[in-house]
Amino acid sequence: MVTAAAPATKAAARAGVAARPRGALKANVFLILRILAANPLTLVGFILVVLVSLTAFLIVAVPAVSLLAIGRSVSILPYPALDVGAFPIFQGPSLVHLFGTDQSGADVFSNVMAALPTDLGIGFAVAGVSLIIGSLLGLVAGFYDTPGTLSAGASVAILRVTDIFLSFPTLVLALAITAAWGRGEIQSELAVIVTWWPFYVRLTRGEVLSIKVQPYVIAARAAGVSESRILFRHVVRNLLEPLIVYFSLDVGTVIVTYSTISYVGVGVPPSIPEWGNLMFSYQDYLLSAPWTVLSVTAAIFITVLAFSLLGDGLRDILDPRSRRIMSTTAAATPAAERP
Amino acid sequence: MGETGCGKSTLGHSIPRLLPEPPAKVTSGKIVFQGTDLLKIPKWRMPGVRGTGIGMIFQEPINSLNPAYRVGDQIAESVRIRKLRERGIMPALKPDVKGFDYSKRELPKASEVVTGPFIPPNVTQTLKTRGPPMTKEIHQEVLDFLRLVRINDPERIVNLFPHELSGGMRQRIMIAMALSGKPALLIADEPTSALDVTIQAQVLTLMKELMEEVRTSIMFISHDLGVIAEMADDVGVMYAGHMVEFGPVAEIFESPRHPYTKALLRSIPNRYKDEGVLPSLSGSVPNLSKLPVGCTFNPRCPLARDVCRVKPGPPFALLPPGPAGGMHRTACFFPDEVPSMP
Amino acid sequence: MSSAPTLVQIEDIQKYFPLTRSLTETLRGHAKLAIRAVDGVSFNVNHGESVGLIGESGSGKTTLGWLISRLHEPTAGRILFEGQDVAHLQGTRLRAWRRNVQVVFQDPVGSLDPRMRVWEIVSEPIRAQEPGLGRAELRRRVAELLPTVGLMPEILDQYPHEFSGGGRQRLSLARALSLRPKLIVLDEPTSALDVAVQAQILNRLVALQSEFRFAYLLITHNVSAVKYVADRVAVLYLGKLAEIGSVREVLEHPTHPYTKALLAALPVPDVRRRRARYRISGEIPTLIRPPPGCRFATRCPFVIDRCRVEEPLLRSIGKDPTHLAACHRAEEVIDIAPETLMAMEGSGAAPSPIAPGSHLVGTTGG
């Protein structure tokens, strides 16, 4: 570290000027691991998200790859999903059937797992598209609001439209739209997106409004930096962290909402394994065969929990200020005054 | 007094145990207030000490007044709690401890105060009535305390919300609120740092007059050496979480016996640029999680030698009494060399 | 210093911030109100000179600094920068002009982007003004610049949060220096710092000025900082200049009653001067409806009827022709030392903690 006494050797100075010290990436990864280790819940969330995503990927990828490689589709699921009459109905959980079997004799574990890629994909897709639409609109509405300009008019328009959408209850609006567009995966996803993006507009605009009056933005303006560069270099850069955190928390919320829509019966067709669908078909057996309903519940619970824990932890990892607490680097002390 | 991060506010807040516990924890020592060790009594009894025993004034009067209530109601709350405690309806630190009795103070001489003494009649009256206090008598006391802090039209002010007042007025309200609990000790944490110079002068003058009038002990926390020189009788200098010097104000400012105090006093800019470079203290305050071994000031001290860099650091030793008398302590191995420090 | 050519000349500059009227106010025909942050100020800054701007919150000193660095556009008046009126420059020409004037802000935490590394922060003005420079070149220029503010070049890749308040203010200073501007506006550069660190920064400021010969506009409420850094001092009160002159003249022979009051109100770390204090009564009035006549009339111990009606103009007072003050009774009060004002307080009207009708002192910034 820089100390008052240490004279800057030329070599050290050159090394410092030339590039970031080698191993900075390694050090960063190390730091992130340390932060994860210090927050056990974040670590749990992180591991769960990795596990859930990996499983979902394998469930989709293994059959496709094996079909290409060996000409035969191999699944990592123990049994085919929604396979009516494959086994005796309503068997309790056992080593053969981890979550038992359901009213049609299908293996519940396979059903629940087969629904994972669908639900996770929907979660990412809906939250992702909403993030892109909402944050772009929010950026415009927040950054360009100098009264009397054309862009200010556009900003006001964006905000009013957002307000109109926000004034409808999300779930009711989504249900109404799917009911109108007809049942189907794409339709129902679009319906959720339509109700979802306004939240990102609100979030982004609020963040932009607070960032753009920060002294460092004023300082950049005083230095002659153009407005568009300020937007990207300062505003977007400081916006990414809250957006990523919100997004990761949001994936779980979307999954819950979408399952609700499917449960009501306007989401994906019943032929596709999906947690909302499964829940609907199992709801009558809550007392007689509780393992059916509880398995689906557990799947939703673990997935949503994983994203919540991860989202909270990301806040710490992404903020350079919180890294200070973890990092062993001492505060850089200014060199002594030389008269 | 001390610089940012020296622990002066933490010390002030730990006395009425206002630090959030956890993470804060007083790991050792005693806080003896009126003969009771505040660390030994359970946390739930602490509210009985606060307000009537130890009052506080904070730096940001806009944050320390509740924006949702009229200022009159906020002072009334404090008056009501004191009255309930005085009458034994609500628990205080000790059942028999009354609020500090301002009527026993000596009356200030008129020449000592600029605007003349002004103690409203009811403030000094000890009410003998029993039973819960009436709204009317509380209201009357609220007005009296507002007059005590030189607010000329308290009937109008009580009905205002904090945001309708200026910074100086809010700080007067805070002072009135703290005093209305009749505390024996008032802890003022940077009470004038957020105020403008001319307004700060008004509030400081007011506080100085009140110190004469109500005779409460005040612990005045400030980074402004000028304010401390003006207000204090005794001064404690803090550095990196340690008290490095304590003594009468005249001795601290005129013959400091710790190198840090001396360097700090010298670094106050008081010259034109053609009169040469400002003496400054090199380096910066150490990180409190990695304090230097031995004396915490040794890396920046011009007098430091080997004994300063080993454990344990210098004791907080008593010096022979100086011309001003009183107790003067310093945590330095070489207090006699400080006057001739380069 | 006064013989040096003028760098910036400000002529009768005004900045009003309009207040929005509520619907009922509009219907009732209330006049449009504005916060008169700066209301007709004229002065000049010469090449290589440092001018201190003292004032309390609401005096308009920060607004004035933002006007001169063109972060605000003036409502009226001219800003002549080397003879060119820059008051209403816009767009590319404004951005190109900005290389002449740089700003150091008060807040050492907020004025540095927390997600940028040191070299990115300090090189930002260079990149804005000289686009197309490579990363290695920018890093080299920043590494050269850091020692001039007392920082080591090894810190190029650190983040602002790794620095203390003083270190951050040095980074702000390095950023402002990076283009070698002709004027640096220092907006309360040391008020967030401790005494010991403040002395380091002030020494650095003076040393840099004698090395690079740029002009400073030091905006602060800290009289001791102005005393050390400035050649000339301007005292602002409620958006108007109360007094301006060389630093020695103003601090040692203050003429305007407000300057006297301000100097007397400073807490001095001298235990022998404890009792010799004077305070002016009343709060700072609002900038929305400033008092007619002299702005200081509501608090002035020397107020006469004329002060409440007729606005005093800045005029030369005393022996030094560059020492100007805006006071009708300047000749009568010039010899009254700030300390002796204490006796006058008692003879006046009863001190009121709030000026009549002015309890609604808005937070108009400072």
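Modeller: Let me start with an open sheet in chain B, which has 3 strands in the order β3-β4-β5 with parallel pairing. Strands here are DSSP runs of E with at least two residues, helices are runs of H or I with at least four residues, and both are numbered from the N terminus; two strands pair if DSSP finds at least two bridges between them. This is a predicted model, in which local features need pLDDT of at least 70 and side-chain atom pairs count only at pLDDT 80 or more, while totals for chains, interfaces and linings use all residues. Residues are numbered from 1 along each chain as its sequence is written, and chains are lettered from A and ligands numbered from 1 in the order in which they are written.

Biologist: Which helix lies across β3 and β4 of chain B?
Modeller: That is α7 of chain B, residues 167-180, which runs at about 175° to β3(B), where axes are lines fitted to C-alpha atoms, for helices over the stretch in contact, and angles run from 0 to 180 degrees between N-to-C directions.

Biologist: Switching topic, how many residues of chain C are in contact with chain B?
Modeller: Chain C brings 44 residues and chain B brings 48, with two residues counted as in contact if their C-beta atoms, placed from the backbone, lie within 7 Å.

Biologist: What gives the most on the chain C side?
Modeller: Helix α8(C) does, with 8 residues. By class, the side of chain C that touches chain B has 25 nonpolar, 9 polar and 10 charged residues, where Ala, Val, Leu, Ile, Met, Phe, Trp, Tyr, Cys and Pro count as nonpolar, Asp, Glu, Lys and Arg as charged, and the others, Gly among them, as polar.

Biologist: How is chain C divided?
Modeller: It has domain 1 (48-71 + 94-252) and domain 2 (255-346), with bounds that come from an automatic or database domain assignment. Taken over C-alpha atoms, the centres of these two domains of chain C are separated by 30 Å, and their contact takes 17 residues from domain 1 and 19 residues from domain 2.
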